[in-house]
Each structure stands twice: as structure tokens, then as C-alpha cells.
Amino acid sequence: MSLSTEPSKPIVFVDSNAWIGYAYAGDALAHLAYPLVSRLTETATLVMLNLVVYEIVTVISQRVNRHEAVIIGDTLFELIEKKAVIAEPIDAIIEEAAWDLFTSSRTKNVSFTDYAIAAYVLDRGIETVVSFDKDVKRLGRRLGFKVIGA
């Protein structure tokens, strides 16, 4: 399946840690994530999985508070509704590919969501991921997609 996007804009996957740093000024990565994601909102089509949205609001709720998580979640859902950001649900093909990556790995600390991201970008032909996660960076090197931020 391919994503429909403006022909002149590259498609870039944005991971939860980059969105958190972009949306929450108190985040340790805000000084890196905010300018990077801000620039990309103008120059690229930004995509994520619905799993990433859930991860964002969960992390903000745990690290900051529930009120801030609701504000950021509402903002993300509004961006998705306006099609300013594409959030796709994980489908059976991506889930199976992610599970295959997960079960074939000997690394115990890589999340299933990281494998789902890798499976998704490979399936959709997305060349670039924005993430500050070292595990995503290693997956990118191993599987052939570029990770900026880490």
C-alpha cells in the first residue's frame, strides 16, 4: 500500500520521542525535536502509526500529568483529522512483519512498537524516520532506512 501525498514532499515517519519533544517544551529532547519537527512540517509529509499516538499520550501522562496528556492528545487528533499528519492503524501485514522481526531478534530491550515502526516504513517504502531512540537507529542501520535525530 502506498501513501498518497503531495508529489514534491518526501514522506517522513516521526516517532513518539520526537513528537513529545516537539509538543512538550519541558521534555529533555525539546531543544532538538522542536526545530527538527517544525522544519519537517513545512517540507515533508509526516506520518506515524496509531500505536505511536497511544505511546505519546501514555508517556506524557506518566512523566508530566494527565491534563497535559489530554491537551497533547487532542492536538494530535486534531492534526490527524485535518490531515496535517497521517496516522495509520497497524494492519495484519505490518503486525505479522513486526512480530517476525521481534521473534527473530536476540535483543531483549527493543520494544514491539519499534519493530512495528521498522515493518511499517519498510512496507511503505519510507526512507526516513525521525527518532531519538538508539534502538530505532540500530534497526535503521540493519534494515536500510535512515534515522535522523538519534
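This section describes the sheet, the nonpolar core, the aromatic pairs and selected single residues of the structure. The model is predicted.

The sheet is open and holds 5 strands. Their order is β3-β2-β1-β4-β5, and the pairing is parallel. The edges are taken by β3 (86–88) and β5 (146–149). Each of these two has a single partner strand, so one side of each is left without a neighbour in the sheet. On average, neighbouring strands are turned by 30 degrees against each other, direction ignored.

Strand β1 (residues 11–14) is joined to β4 (residues 128–131) by 3 bridges, and the two strands run parallel. Strand β1 also pairs with β2 in the parallel sense, again over 3 bridges. Phe-13 takes part in both pairings. Its bridge partner in β4 is Val-129, and its bridge partner in β2 is Val-47.

Two helices were examined against this sheet. Helix α2 (residues 30–43) packs on the sheet and touches β1, β2 (45–49), β4 and β5. The direction of α2 makes about 115 degrees with that of β2. Helix α3 (residues 50–63) lies across β1, β2 and β3. The angle between α3 and β2 is about 80 degrees.

In soluble globular proteins, nonpolar side chains tend to be buried together. In this model, the largest nonpolar core contains 43 residues. The members that touch the most other members are Phe-13, Trp-19 and Met-48. Helix α6 supplies the largest share of this core, 7 residues.

Ala-118 lies in helix α6. Its relative accessible area is 1%, so Ala-118 is buried. With neighbours within four places in sequence left aside, Ala-118 is in contact with Leu-101, Leu-139, Leu-143 and Phe-145. Ala-97 is 21 residues away from Ala-118 along the chain, and the C-alpha atoms of the two are separated by 9.0 Å.

Aromatic rings were searched over the whole structure, and 7 aromatic pairs were found. One of them joins Trp-99 and Phe-102. This pair is stacked, with 5.3 Å centre to centre and 20 degrees between the planes. Both residues lie in helix α5 (residues 92–104). They are 3 residues apart, about one turn of the helix. Trp-99 is partly exposed because its relative accessible area is 46%. Phe-102 is also partly exposed, at 32%.

Phe-102 forms another aromatic pair with Tyr-115. This one is edge-to-face, with 5.8 Å centre to centre and 85 degrees between the planes. The pair links distant parts of the chain: Phe-102 is in helix α5 and Tyr-115 is in helix α6, 13 residues apart. Tyr-115 has a relative accessible area of 1%, so this residue is buried. Ring pairs link Trp-99, Phe-102, Phe-112 and Tyr-115 into a cluster.

Arg-124 belongs to helix α6 (residues 112–124). At 10% relative accessibility, Arg-124 counts as buried because the value is under 20%. The side chain of Arg-124 makes a polar contact with that of Glu-88, at 3.3 Å.

Lys-83 sits in the loop between α4 (66–81) and β3. Its relative accessibility is 69%, so Lys-83 counts as exposed. Lys-83 is not a glycine, yet has a positive phi of about 65 degrees.

Definitions and conventions. Residues numbered from 1 in each chain as written. Predicted model: local features only at pLDDT ≥ 70, side-chain atom pairs only at ≥ 80, totals over all residues. Heavy atoms only, no water. Helix = DSSP H or I, 4+ residues; strand = E, 2+ residues; numbered from the N terminus. Buried < 20%, exposed > 50% of the residue type's maximum accessible area, 1.4 Å probe, protein only. Polar contact = N/O pair within 3.5 Å; in protein donor to acceptor, adjacent residues only side chain to side chain. Phe/Tyr/Trp six-rings, centres within 6.5 Å; stacked < 30°, edge-to-face > 60°. Contact = heavy atoms within 4.5 Å. Core = buried A, V, L, I, M, F, W, Y, C linked by side-chain atoms within 4.5 Å. Pairing = 2+ DSSP bridges. Axes fitted to C-alpha atoms, helices over the stretch in contact; angles between N-to-C directions.
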